Amino acid sequence: MAPAISISLNDSSDVTDFVIKQGHGVKGLSEMGIKSLPGQYIQPLEERLMTRIEPQESIPVIDMSKWDDAQVANSICDAAEKWGFFQVVNHGVPLQVLDDVKKATYGFFGLPAAEKIKYSKENSSSNNVRFGTSFTPQVEKALEWKDYLSLFYVSDEEAAALWPPVCKDQILEYMKSSKFLIDHLLQVLMKRLNVNQIDETKQSLLTGSVRTNINYYPICPNPELTVGVGRHSDVSTLTVLLQDNVGGLYVRGKEGEDSWIHVPPINGAIVINIGDALQIMSNGRYRSVEHRVTANGSSNRISVPIFVNPRPQDMIGPLPETLANGEKPIYKQVLYSDYVKHFFRKAHDGKNTVDFAKITN
Ligand SMILES: CC(C)(COP(=O)(O)OP(=O)(O)OC[C@H]1O[C@@H](n2cnc3c(N)ncnc32)[C@H](O)[C@@H]1OP(=O)(O)O)[C@@H](O)C(=O)NCCC(=O)NCCSC(=O)/C=C/c1ccc(O)cc1
Ligand SMILES: O=C(O)CCC(=O)C(=O)O
Ligand SMILES: [Fe+2]
């Protein structure tokens, strides 16, 4: 239902007030039936144009039904090296769990603005629960057409107390059901880096903190003028991404070229991508690849990424095992929370975040 409010879309502070301060989000703007995009969402041409979309290229789709097959393990590592992105099917996460978390995502965003705003940065009782819009609106020259809820997992008790009741159980279930898949993928990926046994310290370094976002990209009046999410790479170890059947996620095809590959929705599949933390730990062998999401003029879209990360207090750098053959480190040791803060405090800027950890000489 359209909110019974009228705002002047020509007045950017009116738009900011409605979207950010009152918590209507871009979903609220979309549902008012606005006919043109407010100025602050208009992205520079270079951020919205994709010169070359490669229809004949696609990221690998890996059938995980034969978990222990050496060929499956090879495909996973090859995909992580070459593409940094792949999809998995027969992954062991029950399809019902995926359906439930998608419904719960609609449930949360369907709440009245007055409910959602309770979880905003200003009002939330904890930094671990945050409802917001765009990425870092305070510093962005142009805003992104997306609303989100971000949930940093600490414990079941904290989630029970702080996460929105409408989606809490479904998100926890999705996180827990993905654990086996995550651990298996990391075990396989580590083996190629000469890490044969993931001990407790390493397990914690790779998976010690988990953040789940639920993203809502409402119908956009001028999708060609803006973006759903701008070009970025994730700062995670790896990301487990559930998307619905709308499409719009694109992955950089060839580094340095304006070449993009669509990640087509596949019913029941999960997208996996390597994040910066694993690129750094693997000394660049596994690639954290730039990606983006387009805005859509005719369908609402949702996605649910689980970001599997080191803990904020961990130092990350190339793993000793990857350097054992004399390979020169290209990244230094950095405190993971410093790395993440650096990412969150600037607008999306493609692959630039990783420079924070590069050795320069
Ligand atoms: C540094 C963290 C994130 C927050 O710690 P804090 O003690 O609560 O620190 P602050 O409250 O000072 O937050 C630091 C800055 O990050 C911002 N921030 C704090 N969470 C958030 C938040 N979910 N969202 C967007 N800003 C935030 C926050 O606003 C703040 O910016 P500023 O106010 O300008 O100082 C800390 O929890 C941490 O190190 N966590 C490690 C695990 C982690 O969250 N890893 C990130 C995985 S997320 C990822 O890979 C990709 C995410 C992504 C997300 C959106 C995209 O469009 C694209 C990609
Ligand atoms: O919505 C998507 O498909 C991807 C979103 C994304 O890249 C992110 O949240 O990091
Ligand atoms: Fe991402």
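How far is an oxygen atom of ligand 1 from an N or O atom in the side chain of Arg130? The distance is 3.3 Å. The legends below describe close-up views of a predicted model.

**View 1. Polar contacts of ligand 1 with side chains of the protein.** The side chain of Arg130 places an N or O atom 3.3 Å from an oxygen atom of ligand 1. Ser150 meets a nitrogen atom of ligand 1 instead: an N or O atom of the Ser150 side chain is 2.9 Å away from that nitrogen. His348 has a polar side-chain atom 3.2 Å from an oxygen atom of ligand 1. On its own, ligand 1 exposes 1,100 Å². The protein buries 84% of that area.

**View 2. The shell of 27 residues around ligand 1.** Lys121, Ser150, Arg211, Arg345 and His348 come nearest. Five elements are drawn here, each giving two or more residues to the shell: strands S5 (147-152), S6 (209-217), S7 (229-232) and S13 (301-309), and helix H13 (336-344). H13 has the largest share, six residues. By class, the shell holds 11 nonpolar, nine polar and seven charged residues.

**View 3. Polar contacts of ligand 2 with Asn215, Tyr217 and His232.** In the side chain of Tyr217, an N or O atom is 2.6 Å from an oxygen atom of ligand 2. For the Asn215 side chain, the distance from an N or O atom to an oxygen atom of ligand 2 is 3.4 Å. A polar side-chain atom of His232 lies 3.1 Å from an oxygen atom of ligand 2. Ligand 2 has 300 Å² of accessible area on its own, and the protein covers 95% of it.

**View 4. The residues around ligand 2.** Among them are Asp234, Leu241, Leu249, His291, Val293 and Arg301. Ser303, Pro305 and Phe307 also belong to this shell. Which elements each supply at least two residues? They are S6, strand S12 (291-293) and S13. S13 gives the most, with four residues. The shell divides into six nonpolar, four polar and two charged residues.

**View 5. Packing of helix H9 against helix H10.** H9 covers residues 179-192, and H10 covers residues 200-207. Their axes are 12 Å apart and form an angle of about 110°. The two helices are therefore roughly perpendicular to each other. H9 passes H10 in a right-handed crossing.

Notes
Residues are numbered from 1 along each chain as its sequence is written. Chains are lettered from A and ligands numbered from 1 in the order in which they are written. This is a predicted model: local features need pLDDT of at least 70, side-chain atom pairs count only at pLDDT 80 or more; totals for chains, interfaces and linings use all residues. Side-chain values use heavy atoms; hydrogens and water are left out. A residue is near a molecule or strand if one of its heavy atoms lies within 4 Å of it. A polar contact is a pair of N or O atoms within 3.5 Å; within protein, one must be able to donate a hydrogen and the other to accept it, and residues adjacent in sequence count only if both atoms are side-chain atoms. Accessible areas come from the Shrake-Rupley method with a 1.4 Å probe; for residues, only the protein chains shown count as cover. Ala, Val, Leu, Ile, Met, Phe, Trp, Tyr, Cys and Pro count as nonpolar, Asp, Glu, Lys and Arg as charged, and the others, Gly among them, as polar. Axes are lines fitted to C-alpha atoms, for helices over the stretch in contact, and angles run from 0 to 180 degrees between N-to-C directions. Angles under 35 degrees count as roughly parallel, over 145 as roughly antiparallel, 65 to 115 as roughly perpendicular and the rest as oblique. A crossing is left-handed if the near helix is turned anticlockwise from the far one by less than a right angle, and right-handed if clockwise.
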